[in-house]
Amino acid sequence: MTEHIVIGAGLAGAAAAWALTARGENVTVVDRLTPANARGSSHGSARIFRYAYPERLYAELVVRARDLWTAVEESAGIELITPTGALDHGEARHTAQLTAVFDELGIDHEVLDAEAARARWPQFAFDTEVLWHPDAGVIDAERSVRTLLDLAVATGRARILEDWTAAAVDRRSTGSLRVTSAGEDAIAADSVIVAAGGWLPALLGNLDLPAGFLSSLPTFEVREEQAFHLPYRDTTADGRPAQAWPTFIHKSAEIFTYGLPGGRDAGFAGQKLAQFNGGRVIGSALDQDGQITETMRQRMIAYARAHLPGLVPEPFAETTCLFTNTPSEDFLIDSAGGVTIVSACSGHGAKFAPLLGEFAAALATGGGVRDQLGGGVPEEFRAAHHAHLSRR
């Protein structure tokens, strides 16, 4: 039986472990801290699940991912995606393109003019038409990681090693791989899956990958994003919002923002708000400092005053999170010499987690991403399995 090591216990790594054990494979998941820890990209309870992509392939992948999320939820007897619906608006959001994809795929949606949208959601100050799709929601990221790992461990084919920092991968004379830790512990395996997110740039040169493979990879940019929780203006006696708050993406010529109900992260008392790719660029997760800047704080306060009258423009909680981007904002899903990389999800990968796990498992067991996608795969999926799929 093949032995696999997964480096990184975030959403992608946990999903890879789940997918491998479902195939009857043995897997060891290692993480330098703990699963879904706050220094990675999968902590907390609030990530957007949405179908709105201008490219049909990405939207199709969301549909497939939702089926897998449902399978996970049913297996564990737990809800991981809370339905909220989603709003897309702003002159740069190109709602006509999104609507065309929805029409092709049969995704439930509605387009409203600004006046009608303000009447339905008075907590927003819309100035363009608005696209509404009701099947969107909020993913509880941390709970999802733990659920996926619990399901994997329950098969008897997975183990989780915490506080285990993967330092390097090398090849043994037998042809197997060995992952060594910073403390010089070592684990042997037939394949290694790297789902290290923001830690990937610092680890990449130590994975014993072919020079040609390394030179073909895109440049990785790690950003330390800043998110702010702003309280709802109108609440019930228990502090919950008096009106239903959807997730939203607002893309104008001036700013690209997103927001979603904060869930457990904020005691269900406020909306999580951030500027997409507004954080500072760092070399890797090793360089994060967890600091909130006054400039970004004031920017989000000003944004809320102008566009979100249903919020009190005074953050009551703040956090940072890592986005690891490729230049095109596409995913990297690739393998060479028994090492599979599933990382660099460019800030929009959470919703695809169980499907990314399936892709990783396919590559690690000798299949391919093309095999998982079936026929009609566009040229963007090159022979080496790079996923160059623009989300913009």
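This is a predicted model: local features need pLDDT of at least 70, side-chain atom pairs count only at pLDDT 80 or more; totals for chains, interfaces and linings use all residues.
## Helix α2 and the residue that follows it

The C-alpha atom of Ser75 is separated by 9.5 Å from that of Thr147, although the two residues are 72 residues apart along the chain.

## Helix α9, an enclosed element

Helix α9 (residues 353-364) has 12 residues and reaches 16 Å from its first C-alpha to its last, close to the 16 Å expected at 1.5 Å a residue. How many of the residues of α9 are buried? The count is 12 of the 12, so α9 is largely enclosed by the rest of the structure. The buried residues include Leu356, Ala362 and Leu363, as well as the charged residue Glu358. Just after α9, Gly366 takes a positive phi of about 95°.

## How α2 packs against α9

Two packed helices are described by the angle between their axes and the distance between the axes. For α2 and α9, the angle is about 95° and the axes are 7 Å apart. The two helices are therefore roughly perpendicular. On the α2 side, the contact is made by Leu61, Arg64, Ala65, Leu68 and Trp69. On the α9 side, the partners are Ala353, Pro354, Leu355, Glu358 and Phe359. By class, this contact has 8 nonpolar residues, no polar residues and 2 charged residues.

## How α1 packs against α9

Helix α9 also meets helix α1 (residues 11-22), and the axes of these two helices come within 7 Å and cross at roughly 60°. That angle makes α1 oblique to α9. The crossing of α1 and α9 is right-handed.

Leu11, Ala15, Ala16, Trp18, Ala19 and Leu20 of α1 meet Ala353, Pro354, Gly357, Glu358, Ala360, Ala361 and Ala364 of α9. These residues divide into 11 nonpolar, 1 polar and 1 charged.

## How α2 packs against α3

A further contact joins α2 to helix α3 (residues 95-105), where the axes come within 10 Å and cross at roughly 50°. This angle makes α2 oblique to α3, and α2 passes α3 in a right-handed crossing. The contact is made by Arg56, Ala59 and Glu60 of α2 together with Val101, Glu104 and Leu105 of α3. These residues divide into 3 nonpolar, no polar and 3 charged.

## Two loop residues with positive phi

Most residues other than glycine have a negative phi, and most peptide bonds are trans. Asp208 has a phi near 55°, a positive value in a residue other than glycine. Asp208 lies in the loop between α6 (200-203) and α7 (211-216). With a relative accessible area of 35%, Asp208 is partly exposed.

Asn277 also has a positive phi, of about 55°, although it is not a glycine. The loop that holds Asn277 runs between β17 (270-275) and β18 (280-282). Is Asn277 buried or exposed? At 17% relative accessibility, Asn277 counts as buried, because the cut-off for that class is under 20%.

## Thr320 in strand β19

Thr320 is found in strand β19, which spans residues 317-325. With a relative accessibility of 11%, Thr320 counts as buried. Leaving aside neighbours within four places in sequence, Thr320 is in contact with His43, with Glu224, Glu225 and Gln226, and with Gly290, Gln291 and Ile292.

Key: Residues are numbered from 1 along each chain as its sequence is written. Side-chain values use heavy atoms; hydrogens and water are left out. Helices (H or I, at least four residues) and strands (E, at least two) are DSSP runs, numbered from the N terminus. Buried means under 20% relative accessible area, exposed over 50%, partly exposed in between (1.4 Å probe, protein chains only). Contact means heavy atoms within 4.5 Å. Axes are lines fitted to C-alpha atoms, for helices over the stretch in contact, and angles run from 0 to 180 degrees between N-to-C directions. Angles under 35 degrees count as roughly parallel, over 145 as roughly antiparallel, 65 to 115 as roughly perpendicular and the rest as oblique. A crossing is left-handed if the near helix is turned anticlockwise from the far one by less than a right angle, and right-handed if clockwise. The expected span of a helix is 1.5 Å times one less than its number of residues.
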